[in-house]
Amino acid sequence: MTICPIAMTRTRTRNPRRRRRRRQKSPEQEEKMKQLRIAGYSNQALCHLKLQDGMNALKACESTLSLDPKNIKALFRRGQAAEISEDWEDAIEYFKEVLEVDSKNTLAGNRIKFCRNKLNSYKAPRRRGTPTCSSGPTSRIP
């Protein structure tokens, strides 16, 4: 034992020769740990979506998909994260990936239509507020 000069308490030093052995985990334990990580990252993504934090939601979805590339929730939430960031083209691609895995997912199809409408409204020229030459009741003649 040695005395820590900062805390003035005794600390136990480890013997460098003595290593801690890690137990080998069974395949069932490994699979359970993987499923818990997937659930944790997926829940983290949902929390970030609720907070309108698209960038961190996207990172959590990517972490989930690194463990399970076909996870429907993570694929869908990744599309939602892109929507929050107003990255409409990526959102469309992410929702298409959802449809590749689950073709009956109508919600992903609806989100694709929504994103396409948003994308078209940004690309279309603005027609509102352009001056017109009319001699109607709103124009004044000096």
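The structure is a predicted model, in which local features need pLDDT of at least 70 and side-chain atom pairs count only at pLDDT 80 or more, while totals for chains, interfaces and linings use all residues. Residues are numbered from 1 along each chain as its sequence is written, and side-chain values use heavy atoms, with hydrogens and water left out.

The protein chain has five helices and two strands, where helices (H or I, at least four residues) and strands (E, at least two) are DSSP runs numbered from the N terminus. Along the sequence these elements follow the pattern β-β-α-α-α-α-α. Of the 142 residues of the protein chain, 23% count as buried; in this classification buried means under 20% relative accessible area, exposed means over 50%, and partly exposed lies in between (1.4 Å probe, protein chains only). The protein chain exposes about 12,000 Å², of which carbon and sulfur atoms supply 50%, the areas coming from the Shrake-Rupley method with a 1.4 Å probe. Among the contacts in the protein chain with a separation of 6 or more, 41% are accounted for by residues 24 or more positions apart, contact being defined as heavy atoms within 4.5 Å.

Two packed helices are described by the angle between their axes and the distance between the axes. Here the axes are lines fitted to C-alpha atoms, for helices over the stretch in contact, and angles run from 0 to 180 degrees between N-to-C directions. The axes of helix H1 (residues 27-50) and helix H3 (residues 72-84) come within 10 Å and cross at roughly 25 degrees. That angle makes H1 roughly parallel to H3, given that angles under 35 degrees count as roughly parallel, those over 145 as roughly antiparallel, those from 65 to 115 as roughly perpendicular and the rest as oblique. On the side of H1 the contact is made by Ser 42, Asn 43, Ala 45, Leu 46 and Leu 49, and on the side of H3 by Lys 73, Arg 77, Gln 80, Ala 81 and Ile 84. By class, this contact of H1 with H3 has five nonpolar, three polar and two charged residues, with Ala, Val, Leu, Ile, Met, Phe, Trp, Tyr, Cys and Pro counted as nonpolar, Asp, Glu, Lys and Arg as charged, and the others, Gly among them, as polar.

Helix H3 also packs against H4, and the axes of H3 and H4 come within 8 Å and cross at roughly 165 degrees. That makes H3 roughly antiparallel to H4, and the crossing of H3 and H4 is left-handed. In H3, the residues Ile 72, Leu 75, Phe 76, Arg 78, Gly 79, Gln 80, Ala 82 and Glu 83 meet Trp 88, Asp 90, Ala 91, Tyr 94, Phe 95, Glu 97, Val 98 and Val 101 in H4. The residues of this contact of H3 with H4 divide into ten nonpolar, two polar and four charged. In the loop between H3 and H4 lies Glu 86, which has a positive phi of about 55 degrees although it is not a glycine.

For helix H4 (residues 88-101) and helix H5 (residues 106-123), the axes come within 9 Å and cross at roughly 160 degrees. H4 and H5 are therefore roughly antiparallel to each other, and their crossing is left-handed. The contact includes Trp 88, Ile 92, Phe 95 and Leu 99 of H4 and, among the residues of H5, Ile 112, Phe 114, Leu 119 and Tyr 122. In the contact of H4 with H5 as a whole, there are twelve nonpolar, one polar and six charged residues. Asn 105, in the loop between H4 and H5, is buried, with a relative accessible area of 16%. Leaving aside its neighbours within four places in sequence, Asn 105 is in contact with Ile 72, Val 98 and Leu 99.

The remaining residues concern H1, helix H2 (54-67) and the loop between them, where Gln 52 is found. Gln 52 is exposed, with a relative accessible area of 56%, and has a positive phi of about 60 degrees although it is not a glycine. Gly 40, in helix H1, is partly exposed at a relative accessible area of 37%, and its C-alpha atom is separated by 8.5 Å from that of Thr 64, 24 residues apart along the chain. Ser 63, found in helix H2, counts as partly exposed at 24% relative accessibility; Ser 63 and Ile 38 are 25 residues apart in sequence and 8.1 Å apart in space, C-alpha to C-alpha.

How values were computed:
A crossing is left-handed if the near helix is turned anticlockwise from the far one by less than a right angle, and right-handed if clockwise.
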